[in-house]
Amino acid sequence: MHFRNFDYIFGSLIACAVDNNVFSQLETRARFEALFRTYDKDVTFQYFKSFKRIRINFSNPLSAADAKIRLHKTEFLGKELKLYFAQTLHIGNPHLAPPDPEKQFLISPPASPPVGWKQAEDATPVINYDLLYAISKLGPGEKYELHAATDSTPSVVVHVCDSEEEEVEEEDAMKKPKPKIIQTRRPDYTPSNQS
């Protein structure tokens with residue numbers, strides 16, 4: 001085989017579809033490792049039982065390529081062995097980048113306000129004296145129509161309730177006085193031992 005033009009940057013293979021006995025039985029594991037030790041004596045293995053994968057790390061990429069070419073789709077313990085080159089993903093900086101400055105202000109406001117910031121003055125409250133006068137003229141139990149009904153909208157009517165003082169007086173009259181709890185007399189104390 002001619003490997004001179006191949007420039008493999010990965011010296012690792014991933015073995016898929018392996019028999020489950022490779023992960024639990026030492027004899028089966030030794031037979032599996034012997035397949036790859038013929039291509040590289042310094043090969044190492046990483047077993048990922050939950051993924052049913054084995055990573056095979058070779059000392060050089062040429063040994064990895066040779067093993068892949070000769071052992072890919074061969075049978076091992078009745079199952080077809082599938083080998084793939086391991087790939088790495090380089091994201092760049094391993095740390096997260098800080099958010100944009102306008103988003104940083106929303107996350108945590110600075111100790112001092114931004115340049116040019118001015119506090120907005122609170123507007124004076126608007127008091128509708130006509131509304132207050134109309135409400136004051138209403139008595140308990142009366143109705144006041146705020147919006148007349150049309151074909152497509154209902155009417156809005158305010159019903160004035162009775163005052164709370166009148167309700168409290170009625171409730172007090174209906175309540176009975178609470179029975180007085182008579183305190184239990186303390187038993188007489190007779191000392192049993194005097195010294």
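1. F36 counts as buried at 0% relative accessibility, where buried stands for under 20% relative accessible area, exposed for over 50% and partly exposed for what lies in between, with a 1.4 Å probe and protein chains only. F58 is likewise buried, with a relative accessible area of 9%.

2. The model is a predicted one, in which local features need pLDDT of at least 70 and side-chain atom pairs count only at pLDDT 80 or more, while totals for chains, interfaces and linings use all residues. Residues are numbered from 1 along each chain as its sequence is written, and side-chain values use heavy atoms, with hydrogens and water left out.

3. The structure holds seven aromatic pairs, a pair being two rings of Phe, Tyr or Trp (its six-membered ring) whose centres lie within 6.5 Å, with planes under 30 degrees apart called stacked, over 60 edge-to-face and the rest tilted. The rings of F36 and F58 are edge-to-face, because their planes stand at 65°, with the centres 6.4 Å apart. This pair links distant parts of the chain, since F36 belongs to helix α2 (residues 26-37) and F58 to the loop between β3 and α3 (61-71), 22 residues apart. Helices here are DSSP runs of H or I with at least four residues, and strands are runs of E with at least two, numbered from the N terminus.

4. Which residues do the ring pairs link into a cluster? They are F23, F32, F36, F45, Y47, F58 and F76.

5. As to the overall layout, the protein has six helices and seven strands, and along the sequence they follow the pattern β-α-α-β-β-α-β-β-α-α-β-β-α. Of the 195 residues in the protein, 18% are buried. Among contacts with a separation of 6 or more, 51% come from residues 24 or more positions apart, a contact meaning heavy atoms within 4.5 Å.

6. Strand β3 (residues 53-57) runs antiparallel to β1, to which four bridges join it, and five bridges join β3 to strand β2 (residues 44-48), again antiparallel; two strands are taken to pair if DSSP finds at least two bridges between them. F48 has R53 in β3 as its bridge partner. The hairpin of β2 and β3 has four residues between the strands, and K52 takes a positive phi near 55° there.

7. S12 lies in strand β1 (residues 12-16) and stands opposite N57 in β3. With a relative accessible area of 8%, S12 is buried. Leaving aside residues up to four places away in sequence, S12 touches R55, I56, N57, A64, Y84, F85 and A86. The side chains of S12 and R55 are also joined by a polar contact of 3.2 Å, that is, a pair of N or O atoms within 3.5 Å, of which, within protein, one must be able to donate a hydrogen and the other to accept it, residues adjacent in sequence counting only if both atoms are side-chain atoms.

8. In helix α3 the buried residues are S63, A64, A65, D66, A67, K68 and L71, and their cover includes β1, α2, β4 (74-76) and β5 (79-85). Just after α3, K73 takes a positive phi of about 65°.

9. The structure holds three salt bridges, each being a side-chain nitrogen of Lys or Arg within 4 Å of a carboxyl oxygen of Asp or Glu. D66 forms one with R70, the closest N and O atoms being 2.7 Å apart; these two are separated by about one helical turn, because they are four residues apart in helix α3. D66 is buried at 17%, whereas R70 is partly exposed at 47%.

10. A further salt bridge joins R37 and E33 (3.2 Å, N to O), which are four residues apart in helix α2 and so about one helical turn from each other. R37 is partly exposed, at 36% relative accessibility, while E33 is buried at 16%. The side chains of D188 and R185 meet in a salt bridge as well (3.6 Å, N to O), and both residues are exposed.
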